[in-house]
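I opened my notebook to this protein today and jotted down what I looked up. Have a look at it with me before reading on.

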Amino acid sequence: MFSIEHGFDATVITLVDEGEGDTPPAEDVIVSAFEECITLTQPDPRNGEPVQITLTMGQVRDLVAALNLPEGVYRR
């Protein structure tokens, strides 16, 4: 399940893990899309503190391309 919210300076997508079978659900992941970068935020299950990763738009393009390619090393 996920939600999408459009704000003035960012689009925020929240990914909600509902768990599968006997696996307990993971913490929600918040994806914030800004003009210059994408951030991914998720609470650390050990201490509850948020952990954030920032990707440049170039890194996002590389990630999207990588999801559709076979194993190997590539240069865009």
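I started at aspartate 17, which sits in the loop between β2 and β3; strands here are DSSP runs (E, at least two residues) and helices are H or I runs of at least four, numbered from the N terminus. This is a predicted model, in which local features need pLDDT of at least 70 and side-chain atom pairs count only at pLDDT 80 or more, while totals for chains, interfaces and linings use all residues. Residues are numbered from 1 along each chain as its sequence is written, and side-chain values use heavy atoms, with hydrogens and water left out.

Aspartate 17 is partly exposed, at 34% relative accessibility (buried is under 20%, exposed over 50%, partly exposed in between, with a 1.4 Å probe and protein chains only).

Next I asked which residues gather in the patch of negative charge on the surface. They are Asp17, Glu18, Glu20, Glu27 and Asp28. I noted that patch members have over 30% relative accessible area and no salt bridge, with like charges joined within 9 Å and nonpolar side chains (Val, Leu, Ile, Met, Phe, Trp, Tyr) within 5 Å. Asp and Glu count as negative, Lys and Arg as positive, and His and the chain ends are not counted. Glutamate 20 lies in the loop between β2 (11–15) and β3 (29–33), and it is exposed, with a relative accessible area of 64%.

I then found a nonpolar surface patch of about 300 Å², made by Phe2, Ile4 and Leu15; areas come from the Shrake-Rupley method with a 1.4 Å probe. Leucine 15 belongs to strand β2 and is partly exposed, at 38% relative accessibility.

How many salt bridges does the structure hold? I counted 1, taking a side-chain nitrogen of Lys or Arg within 4 Å of a carboxyl oxygen of Asp or Glu. Aspartate 44 pairs with arginine 46, and their closest N and O atoms are 2.8 Å apart. Aspartate 44 is buried at 13% relative accessibility, whereas arginine 46 is exposed at 74%.

Last, I looked at the whole protein. It has 1 helix and 5 strands, in the order β-β-β-β-β-α along the sequence. The radius of gyration is 15 Å, well over the 11 Å of the globule rule for 76 residues, so the protein is more spread out than a compact globule; the radius is taken over C-alpha atoms, and the rule is 2.2 Å times the number of residues to the power 0.38. Buried residues make up 16% of the 76.

Key: The place of a charge is taken as NZ of Lys, CZ of Arg, CG of Asp or CD of Glu.
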